[in-house]
Amino acid sequence: MKLNITCIAGDGIGPEIVTEARKVLDKVCEIYGHEIAYTDVLMGGCSIDAYGVPLTDETIETCKKADAVLMGSIGGDTNTSPWYKLEPSKRPEAGLLKIRKSLNLFANLRPAFLYPQLKDACPLKEETSEKGFDLLIMRELTGGLYFGARSTETVDGELVATDSLVYKESEIRRIAIKAFDVAMQRSKKVTSVDKANVLDSSRLWRKVVNEVAKDYPEVELEHMLVDNCAMQLVKDPSQFDVVLTENMFGDILSDEASMVTGSIGMLPSASLNETKFGLYEPSHGSAPDIAGKDLANPIATILSAAMMLKYSFGLDKEAQAIENAVKKTLEDGFRTGDLVRPGEEISEDKKCGCRRMGDLIVERIK
């Protein structure tokens, strides 16, 4: 199979972690007999520096012509970077919103899996981490507050800011179908998270999810208010399989879920449209404070590449080969700095920078 992939290295540690993911993909394609072609484009702060905007129309068109997009990280230090002196619509993160909308990437999949080798890094109680967990947050990505009409105006002598939370029935239905489809491939449970005791948008969300559930009698459905879900994620994350929720709730809950795994550096993500096309990126940010120092953890990006092989190309064996290589590397005791707890002693030969971690994972791909 020929894999046509557009790469957006981005800012900060983005180029470093994407380089390691590409090394892993190259090795997989070599072993399994696939051909791979990369096209590099700019987005984020580097695009602002080159073109004056965080995302060009040319970059969007290049992405549309690919089978999938692999992305690093976008943005910089919000306190010191000149990018954040620009108006919000011209800042790096504006490119993220634009590319999601332009490519119709409405379904964001963020798995949170606790590796047994990293259970000591989990911040939860020992009896909770001992059980382990394997959940996936299905976040609606192109609707809700982040895309609604907004304004700031003076009313009766004071500033008033308004953000609109809008969802169409069709937008809710398509993300719900994605969630139930994925649940059918996992443990067949969907937890739909909303705020139906307060918000009209959540009441519509719950109504549509109930209607979709009728087409999936094998899948258990439960509804949970978002504040309770936030509590349950730290109380007992093992109770969840697929967590389905709207844009803002999903943004917050997925970051919470990532941290109970021990490090956000381990968490991949996929953003899909209604076809097999997707954009794959780590859940973490650009970490400008460690950029260029060979300190970043590339595993989230490498696992994002594995998700790409699975969801966009249907290459389940190849995706599993990457996941197995990551597990074996961790089993062998190798750690980047973010995976070492304060006070934990680890031998010098087991400490890894970004490049070495990538090399170790490549060596273990079978």
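Helices (H or I, at least four residues) and strands (E, at least two) are DSSP runs, numbered from the N terminus. With those labels, H4 gives the most to the lining of the second largest pocket, namely four residues. This is a predicted model, in which local features need pLDDT of at least 70 and side-chain atom pairs count only at pLDDT 80 or more, while totals for chains, interfaces and linings use all residues. Residues are numbered from 1 along each chain as its sequence is written, and side-chain values use heavy atoms, with hydrogens and water left out.

**Pockets**

- A pocket is an open set of points on a 1 Å grid over the protein atoms alone, with protein on both sides within 12 Å along at least five of seven lines, and its lining residues have an atom within 4 Å of a point.
- The largest pocket holds about 630 Å³ of space, where a volume is the space filled by probe spheres set on grid points joined across faces, edges and corners.
- Its lining is made of 25 residues, and Pro111, Asp134, Arg186, Lys310 and Glu323 are the ones nearest the centre of the largest pocket.
- Two or more lining residues come from each of E4, strand E5 (134-140), helix H10 (299-311) and H11.
- The lining of the largest pocket divides into 14 nonpolar, four polar and seven charged residues, where Ala, Val, Leu, Ile, Met, Phe, Trp, Tyr, Cys and Pro count as nonpolar, Asp, Glu, Lys and Arg as charged, and the others, Gly among them, as polar.
- The second largest pocket has about 510 Å³ of space, and of its 24 lining residues, Glu93, Leu96, Arg100, Arg110 and Asp251 are the closest to the centre.
- Strand E3 (68-73), helix H4 (92-102), H9 and E12 each supply at least two residues of the lining of the second largest pocket, which comprises eight nonpolar, nine polar and seven charged residues.

**Cavities**

- The whole structure contains two cavities of 30 Å³ or more, a cavity being a set of grid points where a 1.4 Å probe fits but cannot get out.
- The largest cavity, with about 40 Å³ of space, is lined by Leu165, Tyr167, Val193, Asp194, Ser201, Ser202, Trp205 and Glu246.
- Strand E8 (189-194) and helix H7 (200-213) each supply at least two of the residues in that lining, and H7 has the largest share, with three residues.
- The second largest cavity has a volume of about 30 Å³, and its lining residues include Arg110, Pro111 and Ala112.
- Strand E4 (107-113) and helix H9 (247-259) each give at least two residues to the lining of the second largest cavity.

**A helix pair**

- Helix H11 (residues 316-331) and helix H12 (residues 354-363) pack at an angle of about 115 degrees, with their axes 8 Å apart; axes are lines fitted to C-alpha atoms, for helices over the stretch in contact, and angles run from 0 to 180 degrees between N-to-C directions.
- Ala325, Val326 and Thr329 of H11 and Met357, Leu360 and Ile361 of H12 make the contact, which means heavy atoms within 4.5 Å.
- The residues of this contact are five nonpolar, one polar and no charged.

**Two buried residues**

- Thr56, in the loop between helix H2 (45-51) and helix H3 (57-65), is buried because its relative accessible area is 9%, and buried means under 20% (1.4 Å probe, protein chains only).
- Tyr280 is found in strand E12 (residues 278-282) and is buried, with a relative accessible area of 0%.
- Leaving aside residues up to four places away in sequence, Tyr280 touches residues including Ala68, Met71, Leu272 and Tyr311.

Methods. Buried < 20%, exposed > 50% of the residue type's maximum accessible area, 1.4 Å probe, protein only.
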